[in-house]
Amino acid sequence: MQDIIGLVVGYLREIWLRRWLVILVAVTVSLVGWFAVIKLPDQYQASARFYVDTQTLLRPLLRGLTVQTNIDNQVNLIVKTLLSRPNTKKIALMADLDYAVDESNPEEFEALMTKLRKEIKLKGSKRENVYTVEYTNANPATAKNVVQSVLTVLVESSLGESREETVSAQRFIDQQLSEYEKRLEEDENKLKEFKRKHAGIMPSAEGDYYQRLEAARAKYESANLELMELDRKYQALQRQLKGEEPSFGFSDRPAASSVATSYDTRIAALEEQLDGLLLKYTSRHPDVKATREQLGLLKRARKKEIAELKQNPSSPTSLDQNPVYQQLKVNLSEVEAEKSSMQVRVQSFKDKVDELEKMVNTIPEIEAQLIALNRGYQVTKRKYEDLLSRRESAQISRKASQATDDVQFKVIDPPHVPNEPVGPHRPLFMSVVFIFSIIIGLGVALLIALLKPSFTSKKILSDVTGLPVLGAVNAVVSDHYRHRQRLFNMTFALTCISFVASYASVMVLFF
């Protein structure tokens with residue numbers, strides 16, 4: 001540790017012996033550096049603030065009718081891709097920065113765009129959607145033009161991309177819709193031809209083949225059971241009819257006035273109706289005349305029937321007829337007619353069951369083919385209807401985007417360049433030059449000391465030569481020499497103070 005301290009002390013002595021060289025180098029480097037800093041061109045910073053408005057009035061009104069995109073993601077994407085290579089090229093051309101480079105040299109133009117991307121600063125808050133664009137240049141007009149070009153490219157890229165995406169989406173949907181329309185027509189034609197080819201054996205509302213077969217068998221069994229019931233009823237009526245006599249066997253025929261005919265009830269009803277009409281109308285009223293004419297026809301028919309009964313003595317009169325016998329005959333006729341009708345129905349149901357049983361292998365296969373055709377048709381139809389709905393949404397979205405923009409860029413502060421330059425930071429640079437000049441002076445003195453060393457102590461001499469130092473002779477200086485050394489030290493101190501004062505003056509001047 002003592003060796004290191006001794007070595008450092010020795011180097012400091014070497015530097016102190018060359019202190020004028022240190023101050024000379026420091027002053028020279030400082031003057032040159034300060035002059036270079038003063039000659040640096042002023043830098044002007046242009047800035048602008050804009051607000052991204054995503055809350056349009058039309059957006060909540062069209063919710064559910066149009067395609068709703070994530071506006072926040074769209075804004076972030078626009079901001080992140082603002083300084084892409086194509087946009088940077090547009091900004092350079094709009095701000096006339098391409099005049100400073102040779103267009104025939106692609107490397108030089110590429111370096112310009114790389115520099116421009118680095119120098120354009122975009123700051124903002126995602127929560128408030130307020131962004132700031134800054135650009136620094138020696139020419140204030142150029143800085144302002146660049147910031148204005150950034151805002152222009154930002155608005156154009158957002159509008160162009162949104163509308164181009166809408167048009168592209170609608171074009172794609174129209175293409176897909178045309179294809180699905182052709183497929184739907186083909187499926188409809190296949191389904192129509194299949195139904196026409198297998199008409200009569202297609203599934204109905206009753207269900208599939210087995211459901212129809214079970215339903216036909218159930219109807220057949222029900223009709224057959226009902227036919228058996230009617231047959232039993234018919235046989236019972238026949239037995240009852242055999243136990244009754246058709247007439248009571250009266251010998252004397254009653255008078256014509258007491259003979260009952262089939263016209264008596266109708267004549268009585270018309271007479272009652274005629275009495276009611278005469279209470280309302282006169283005898284010349286058309287309804288009264290028509291009723292009288294119909295009543296006359298019925299009375300003549302009644303007289304004719306009575307005359308026929310008188311000519312046929314064997315025919316029993318209504319008083320001589322057995323009403324139970326007559327009623328049984330009527331019921332028997334009705335049951336017989338119903339039985340004949342039911343036999344036809346039973347035979348029809350039986351034929352239907354036989355027909356279905358014969359096609360036990362054919363109909364299920366046809367139904368399976370029909371289900372497959374319907375499945376493909378329904379899928380195509382559902383996709384077609386979905387595409388129709390999406391096309392309507394795309395059209396409304398396109399019209400809405402033409403009417404108003406989902407994302408609106410509103411300029412809060414237009415591009416502005418302050419009168420005072422923002423750079424370079426000359427006090428900082430001059431301080432760096434001042435410190436760097438002192439370091440360079442010390443370094444030059446140390447380098448010379450290493451190249452041309454001198455021995456300032458017995459130890460350094462012994463270490464360098466490797467020989468023992470037997471003694472040392474002290475220098476005896478005169479008063480004149482001491483006076484001259486003090487004068488030199490004072491001059492050096494004044495020089496150092498002047499150097500520091502010059503640095504302070506420069507700092508005060510540029511602050």
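How many helices and strands does the secondary structure of the protein come to?

1. Overall make-up. The protein has 15 helices and 4 strands; helices (H or I, at least four residues) and strands (E, at least two) are DSSP runs, numbered from the N terminus. The model is predicted: local features need pLDDT of at least 70 and side-chain atom pairs count only at pLDDT 80 or more, while totals for chains, interfaces and linings use all residues. Residues are numbered from 1 along each chain as its sequence is written, and side-chain values use heavy atoms, with hydrogens and water left out.

2. Of the 511 residues in the protein, 28% are buried (under 20% relative accessible area; exposed is over 50% and partly exposed in between, with a 1.4 Å probe and protein chains only). Among contacts (heavy atoms within 4.5 Å) with a separation of 6 or more, 84% are between residues 24 or more positions apart.

3. Packing of H2 and H15. The axes of H2 and H15 are 11 Å apart, at an angle of about 15°. Axes are lines fitted to C-alpha atoms, for helices over the stretch in contact, and angles run from 0 to 180 degrees between N-to-C directions. H2 is therefore roughly parallel to H15 (under 35 degrees; over 145 is roughly antiparallel, 65 to 115 roughly perpendicular and the rest oblique). Their crossing is left-handed, meaning that the near helix is turned anticlockwise from the far one by less than a right angle, clockwise being right-handed. Residues of H2 that meet H15 include Trp20, Ile23, Val27 and Trp34; on the H15 side they include Phe488, Phe492, Phe499 and Tyr503.

4. Aromatic pairs. There are 7 aromatic pairs in the structure. Rings of Phe, Tyr and Trp (its six-membered ring) pair if their centres lie within 6.5 Å; planes under 30 degrees apart count as stacked, over 60 as edge-to-face and the rest as tilted. Trp20 and Phe492 form an edge-to-face pair, because their ring planes are at 75°, with the centres 5.5 Å apart. This pair joins distant parts of the chain, 472 residues apart: Trp20 is in helix H2 (residues 19-39) and Phe492 in helix H15 (residues 479-510). Trp20 is partly exposed at a relative accessible area of 36%, whereas Phe492 is buried at 13%.

5. A pair between strands. The rings of Phe50 and Tyr131 have planes at 20° and centres 5.6 Å apart, so they are stacked. Phe50 belongs to strand S1 (residues 44-53) and Tyr131 to strand S3 (residues 130-137), 81 residues apart. Both Phe50 and Tyr131 are buried.

6. Arg19 and two rings. Where does the charged end of Arg19 sit? It is over the ring of Phe492, 5.9 Å from the centre. Arg19 also lies over the face of Trp16, at 4.1 Å from the ring centre. The criterion is NZ of Lys or CZ of Arg within 6 Å of the ring centre and within 35 degrees of the ring normal.

7. Trp34, Phe434, Phe499 and Tyr503 are linked into a cluster by ring pairs. Tyr503 is also touched by Ser431, as is Met507, leaving aside residues up to four places away in sequence. Ser431 is in helix H13 (residues 426-451) and is buried, with a relative accessible area of 15%.

8. Packing of H5 and H6. Helix H5 (residues 85-94) and helix H6 (residues 106-119) have axes 10 Å apart and an angle of about 100°. H5 is therefore roughly perpendicular to H6. Among the residues that meet are Arg85, Thr88 and Ile91 in H5, and Phe109, Met113 and Leu116 in H6.
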